Protein chains: 2
Amino acid sequence: MVSPVPDRLKRKRRSGCPVSISLELFGDRWSLLIVRDLMVRGYRTYKEFQKSGEGIATNILANRLRRLAAAGIILAETEAGDARRVNYRLTEKGIDLAPVLFEMLLWGARYEKTSAPCELVEHMARNRSEVLAEVCRRWRERDPTPLLPPFRGPASGPAGPSGQKELRGGKRQSRRGVTS
Amino acid sequence: MVSPVPDRLKRKRRSGCPVSISLELFGDRWSLLIVRDLMVRGYRTYKEFQKSGEGIATNILANRLRRLAAAGIILAETEAGDARRVNYRLTEKGIDLAPVLFEMLLWGARYEKTSAPCELVEHMARNRSEVLAEVCRRWRERDPTPLLPPFRGPASGPAGPSGQKELRGGKRQSRRGVTS
DNA sequence: GCGATCACTTGCATTTTACAAGTAATTTAG
DNA sequence: CTAAATTACTTGTAAAATGCAAGTGATCGC
């Protein structure tokens, strides 16, 4: 379990702008990746976040988990039956970041070379509300089935070769996932 | 005008995930504030960004403008008629960050104390596509009328006193703004 | 010319991040 | 029971990013 939050993490706000305040809470290169892992990959534990692909340093991970918990975006609880394990999960405030993540995914896939298959991205773009509803359902029902796999394969995108025919990364989507 | 982009700004990607790639481009506490200023406040110049309210340091501002330009999110051009002034504007790639900013605004206003009037936020939430269309129109027609004022007043929000009756900050919205 | 304006750059102290290693509290294997 | 393994971190230290104050150089208005 994480230690109590030091006061220095509660800095004075720069302004009253909602965008600015949001950025103070998760405006860095790591926080939203943890939220992503919780939201669409079904990750729950420290070790899973560490092995998530982007290579976050272990002290930074601990720091970000603390900050996200302090912001009320995630919760940490010791697993019943194994006191070594801490299970993290999103709060309602956390799951409500889904639209932000969703738009970032669409933007990145549209303008940068990524490993996300074009068809998948296009399907998500066409079915925005259904995808967001499914993300929310999984959270509500604590369904840990990954909605999206880790995108590890070779990058593709607007300037690259045309979209891949298969998902990479070894994980399959559930029947109730974005391909439904 | 900004200097050419050093190679060290083009780091190797952490992963192929679109969210991760997006975060590498604008995942910090300042970049999206500049985009916000360009998008909804009609700011164009270095000095306007500096006086934007959050107090960005001048070297950081220069660095972020360089990075955003390198990422193809903004353009810099010397003003015709006054060679001192540099006018920045969003590219199409940049204006397409509008949904990301929009969702961050809604989330921040919903869960944190901000200076954004509740009625305004609720109106924006109810008229998502119209607001985004208006943002896009202003960009396309190079209409510099601010869509939203700087939110400088005392914070209000879900846990605070009920919404303000008037906009603060001295700037008024245009007739074609979000109040239409 | 001359002061003012604008868009930066530079130097330096502080903070944050990255990387490697270590530690404490369990749980599991034998 | 003890020993090894697992999990979730912390610690130390170097590198990088940030924040702050001051300075620079190219215009521009007069």
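**Note on a predicted two-chain model with DNA**

1. In this predicted model, the surface near DNA strand C draws at least two residues from each of helix H4 (58-70) of chain A, helix H3 (46-50) of chain B and helix H4 (58-70) of chain B, where helices are DSSP runs (H or I, at least four residues) numbered from the N terminus. H4(B) gives the most to this surface, with 4 residues. Local features need pLDDT of at least 70 and side-chain atom pairs count only at pLDDT 80 or more, whereas totals for chains, interfaces and linings use all residues. Residues are numbered from 1 along each chain as its sequence is written, with chains lettered from A and ligands numbered from 1 in the order in which they are written.

2. DNA strand C is surrounded by 22 residues, the closest being Ala83(A), Thr45(B), Tyr46(B), Lys47(B) and Asn59(B); a residue is near the strand if its C-beta atom, placed from the backbone, lies within 6 Å of it. The surface near DNA strand C divides by class into 9 nonpolar, 7 polar and 6 charged residues, with Ala, Val, Leu, Ile, Met, Phe, Trp, Tyr, Cys and Pro counted as nonpolar, Asp, Glu, Lys and Arg as charged, and the others, Gly among them, as polar.

3. Chain B superposes on chain A by a rotation of 180° with 0.0 Å of shift along the axis, at an RMSD of 0.0 Å (least squares on the C-alpha atoms of residues with pLDDT of at least 70 in both copies). This is the relation of a two-fold axis, and in chain B the C-alpha nearest that axis belongs to Asp28(B), at 2.2 Å.

4. Between the chains, 42 residues of chain B are in contact with 43 residues of chain A, contact being counted when C-beta atoms, placed from the backbone, lie within 7 Å. On the side of chain B that touches chain A, helix H1 (18-26), helix H2 (31-41) and helix H6 (98-111) of chain B each supply at least two residues, and H6(B) has the largest share, 11 residues. That side comprises 19 nonpolar, 11 polar and 12 charged residues. Because 100% of the interface residues of chain B are also interface residues in chain A, the copies meet through the same surface.

5. Within chain A, the domain assignment gives domain 1 (16-91) and domain 2 (95-140), with bounds from an automatic or database assignment. Their contact takes 6 residues from each of domain 1 and domain 2 of chain A. On the side of domain 1 that touches domain 2, helix H2 (residues 31-41) of chain A provides the largest share, 5 residues.

Methods. Two residues are in contact if their C-beta atoms, placed from the backbone, lie within 7 Å.
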